[in-house]
Amino acid sequence: MQHVLHCLRHMAEHYKEDMFVLSQFKYEDYLNNPGNSFLNHRLPVPAGFRDKTNVGCFDILIIHRRLGVLVGVVKSISDKDDGSEDSEDKIDDMLVSEVCEAVAQVKYANSMMGHLMSDQTHKPAVQMTLMFPNVTSSSLHRALGSDSQVTQSLRECVNVKATDDPTHLCLCANHLSKPCAPWDIDTSVMSHLRSWWDRLMNQSDADSKKTDDLYRNMIARFCGPATQSTIPLMDETFLQPRTLADAVTLTGDLYERLTLYPDMIEMLREERLFLVGPPNTGKTRMLTLAGKQWIERGHHLYILVSICTRRDLMSSFSKTSNHTPATKDTDETSRPFVTQVSCNFNVKKEMMGILNMLTTQDKKNIPLCVIASEVDFWGKYLKTFLESLSRQHPHLLLWATSSTSQDVPDGWKVQTFTRALTCPPAVVREASRAGADYFIPEAEIQPRDFLTPTDGPQVKYIYHEMDSKGYHDCSLCGRKVADFLNKHLVNKSNKSASPDDITEATTSTVTRIQNESPTMKGSSILQDKDILVIFENDKHEYSFLQELKKVSFQVQPLEVGKDTEVVREEKDCVCSMRVDSFRKFRPRRKIVVYVESKSPPENVSKKWWGITCCSAQLIVVRWKST
């Protein structure tokens with residue numbers, strides 16, 4: 001489904017098609033939330049439809065300004081050969097079965113649409129189609145070639161003559177981009193997709209009876225606040241986003257939660273493991289999970305962090321154990337405790353001191369478990385420390401994270417992460433476009449073998465511009481960013497509104513659910529604190545931020561000190577920082593405004609950190625390419 005929607009959206013934007021696309025809809029959702037003022041409306045609803053045939057709903061509804069309505073059913077079946085002798089026959093049988101089911105669904109949808117729009121003087125033209133993103137047209141044609149009855153049903157469905165091939169009006173794999181890179185839509189893909197669309201919708205027969213009123217009525221009924229659809233995600237049910245603000249909050253909520261994939265779960269069985277990879281690929285998440293697992297077994301945990309970064313991992317264990325300072329006299333044998341130690345392994349004396357401290361604890365029969373963060377910044381005696389520690393503690397449990405595997409002791413297992421886990425694919429692609437790819441020389445890029453929660457909102461681009469005198473101070477850029485944020489994401493005009501009035505804001509129409517059930521989740525409401533502004537240099541930082549303040553955004557720079565940041569996340573303010581500060585403080589926000597300079601950072605990895613700290617909506621302020 002995600003693949004199909006991505007390609008359709010790209011086509012609509014490229015050819016400037018005026019249309020609304022609705023997915024994840026169920027018939028019972030239609031006008032299910034009319035509000036108290038319209039509870040007694042007399043509009044046609046699904047409950048009044050005479051045909052009670054038990055078939056599934058359509059998967060995609062497209063309301064086109066000129067061409068009418070398209071209803072489509074998406075089938076995920078694949079025509080991939082499994083290697084058996086009768087593989088082709090089995091695929092054909094399954095395809096015929098899926099086509100029969102899909103035809104019944106779209107025919108029922110056609111009748112239902114007629115019923116729901118029966119109060120209109122002119123009913124919209126409805127076109128039907130089937131979509132097989134993992135099946136080629138040739139495979140579909142072959143499968144239906146031996147079943148004339150199903151072929152005829154498909155002809156009636158897509159409305160072609162008895163002598164025409166109906167599979168040409170089905171959306172198939174050869175009309176779409178590659179599944180492994182659905183965003184890579186080149187001119188060839190666009191040509192195939194557009195040809196299919198033109199054949200299906202027959203633009204020369206545009207619906208002349210489709211008035212603006214009918215177009216608006218359909219959008220209001222199917223896509224307005226009176227119709228609330230839900231989507232199941234990760235064993236929970238969420239309201240379907242209707243606005244960009246809704247999409248951003250839901251995307252951020254999904255990517256900020258703890259998500260693991262099967263291969264990551266298997267890693268938790270390892271006793272000694274080096275996690276290698278770029279930032280935001282899930283290394284620290286796995287490190288924390290390993291530590292919590294050991295605490296639950298009754299072990300004590302030591303957290304080793306670089307004195308250069310001083311990352312605070314203690315907060316991750318605040319609800320699972322006691323916190324104690326690291327001293328030789330620590331004697332907590334009755335229950336687990338957590339101790340964080342800052343390390344500078346460029347000084348041999350300090351390295352030996354930490355080694356002796358850990359050895360002392362082991363002599364008290366306290367199980368020794370260690371998680372070590374970003375060990376590539378520890379210093380030249382790191383490997384010596386790890387080898388000595390493992391010799392003195394044969395049963396040592398130790399996990400470490402690093403951007404390189406060069407200091408891994410012999411015999412230790414290395415797991416390389418190359419996939420960004422905490423931000424949507426749309427953000428990762430922007431990092432690549434901006435030249436901020438983060439490569440591990442010895443690592444092989446892993447193909448994506450899992451579905452992400454969502455591709456994420458499209459990246460918003462705003463361009464640096466000179467004023468009438470040829471001068472640039474970024475105030476105009478800041479004004480454009482402020483306008484976009486205010487109009488689409490964080491509406492400042494509703495800042496003083498009561499919680500009950502929030503759903504009336506133009507930027508978030510369905511953020512809460514009335515009579516919410518325990519399994520139903522609504523999107524959180526975006527606030528100033530969900531926004532982070534990152535500058536590649538501070539030359540025009542002041543003028544840019546002043547424009548945000550003019551629109552009533554509360555703005556506070558993140559002044560990173562020796563140990564921690566000055567501004568706390570619980571304050572409702574837009575935070576700003578320079579990309580060079582990511583070594584000591586790595587925030588994550590739903591909305592990130594990344595302001596490029598004419599010259600990129602010397603350390604391109606910092607740009608990766610800055611861009612991929614975005615969990616939903618990325619806004620890039622850039623110079624136009626010459």
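Asn202 follows helix H5 and has a positive phi, near 50°. Helices here (H or I, at least four residues) and strands (E, at least two) are DSSP runs, numbered from the N terminus. The model is a predicted one, in which local features need pLDDT of at least 70 and side-chain atom pairs count only at pLDDT 80 or more, while totals for chains, interfaces and linings use all residues. Residues are numbered from 1 along each chain as its sequence is written, and side-chain values use heavy atoms, with hydrogens and water left out.

H5 itself covers residues 187-201, 15 residues in number. From its first C-alpha to its last, H5 reaches 21 Å, close to the 21 Å expected at 1.5 Å a residue, where the expected span is 1.5 Å times one less than the number of residues. At the start of H5, a side-chain oxygen of Asp186 comes to within 3.2 Å of the backbone nitrogen of Ser188. This falls under the definition of a polar contact (a pair of N or O atoms within 3.5 Å; within protein, one must be able to donate a hydrogen and the other to accept it, and residues adjacent in sequence count only if both atoms are side-chain atoms).

The buried residues of H5 are Val189, Met190, Leu193, Arg194, Trp196, Trp197, Leu200 and Met201. Buried means under 20% relative accessible area, exposed over 50%, and partly exposed in between (1.4 Å probe, protein chains only). These H5 residues cover an arc of only 160° around the axis, which puts them on the same side of the helix; the arc is that of the directions from the helix axis to the C-beta atoms. An α-helix has 3.6 residues a turn, so residues three or four places apart point the same way. The buried residues of H5 pack against helix H1 (2-14) and against strands E1, E2, E3 (68-74), E4 (126-132) and E5 (171-172). Contact means heavy atoms within 4.5 Å.

Turning to the chain as a whole, the secondary structure comes to 15 helices and 21 strands. Of the 626 residues, 51% count as buried. Among contacts between residues at least 6 apart in sequence, 77% join residues at least 24 apart.

Aromatic rings come next. Rings of Phe, Tyr and Trp (its six-membered ring) pair if their centres lie within 6.5 Å; planes under 30 degrees apart count as stacked, over 60 as edge-to-face and the rest as tilted. By this rule there are 12 aromatic pairs. In one of them, the rings of Phe25 and Phe222 have centres 5.8 Å apart and planes at 55°, so the pair is tilted. Phe25 lies in the loop between strand E1 (19-23) and strand E2 (60-64), and Phe222 in helix H6 (residues 212-223), so the pair ties together parts that are 197 residues apart in sequence. Phe25 and Phe222 are both buried. Another pair is formed by Trp294 and Trp399, with ring centres 6.4 Å apart and planes at 90°, so it is edge-to-face. Here helix H9 (residues 283-296) supplies Trp294 and strand E13 (residues 397-402) supplies Trp399, linking distant parts of the chain 105 residues apart. Both tryptophans, Trp294 and Trp399, are buried.

Phe25 and Phe222 also belong to one aromatic cluster, together with Tyr27, Tyr30, Phe49, Phe58 and Tyr108. Leu31 lies in the loop between E1 and E2 and counts as buried at 12% relative accessibility. Its phi is near 50°, a positive value in a residue other than glycine. Cys474, in the loop between strand E15 (460-463) and helix H13 (475-489), likewise has a positive phi, near 75°. Cys474 is buried, with a relative accessible area of 4%. Most residues other than glycine have a negative phi.

Charged side chains meet rings as well. A charge sits over a ring if NZ of Lys or CZ of Arg is within 6 Å of the ring centre and within 35 degrees of the ring normal. The charged end of Arg65 sits over the ring of Tyr215, 5.9 Å from its centre, and that of Lys598 over the ring of Trp623, 4.6 Å from its centre.

Finally, Leu275 is found in strand E8 (residues 272-276) and is buried, with a relative accessible area of 0%. Leu275 and Gln415 are 140 residues apart in sequence, yet 5.0 Å apart in space, C-alpha to C-alpha. Beyond its neighbours within four places in sequence, the contacts of Leu275 include Met286, Trp399, Gln415 and Phe417.
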